[in-house]
Amino acid sequence: DKYSTENELHALLRHIRNSFAHGYVYVWKKKSGNKVFLIDYDSGRHKPTAKIMVSMPILEQWKAILENIIV
């Protein structure tokens, strides 16, 4: 889900933040590399608003990019 007041990047970051904040983070340890599954959940509507699966290296790259951009 994306609010009309936000762009796609803000929506993605909000969903990632909510996943970590509410503990909906699952890690699969694979021989080919760990995968991270993030879920943002709307408890009022009783449904997920985002499901994101990303590799650990990609998640770490996103973090590094954001750390270099945000002051």
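In helix 1, the residues Ala11, Arg14, His15, Ile16, Asn18 and Ser19 are buried. Buried means under 20% relative accessible area, exposed over 50%, and partly exposed in between (1.4 Å probe, protein chains only). Helices (H or I, at least four residues) and strands (E, at least two) are DSSP runs, numbered from the N terminus. An α-helix has 3.6 residues a turn, so residues three or four places apart point the same way.

This is a predicted model: local features need pLDDT of at least 70, side-chain atom pairs count only at pLDDT 80 or more, and totals for chains, interfaces and linings use all residues. Residues are numbered from 1 along each chain as its sequence is written, and side-chain values use heavy atoms, without hydrogens and water.

What covers the buried residues of helix 1? The cover includes strand 1, strand 2 (35-42), strand 3 (47-55) and helix 2 (56-69). Contact here means heavy atoms within 4.5 Å.

Now the ends of helix 1. Asparagine 7 caps the N-terminal end: a side-chain oxygen of asparagine 7 lies 3.0 Å from the backbone nitrogen of leucine 9. After helix 1 comes glycine 23, with a positive phi near 80°.

Move on to tryptophan 28. Tryptophan 28 sits in strand 1 (residues 25-28). Tryptophan 28 is partly exposed, at a relative accessible area of 39%.

Last, the loop between strand 2 and strand 3 holds histidine 46. Most residues other than glycine have a negative phi. Histidine 46 is not a glycine, yet its phi is positive, about 55°. Histidine 46 is exposed, with a relative accessible area of 62%.

Notes: Polar contact = N/O pair within 3.5 Å; in protein donor to acceptor, adjacent residues only side chain to side chain.
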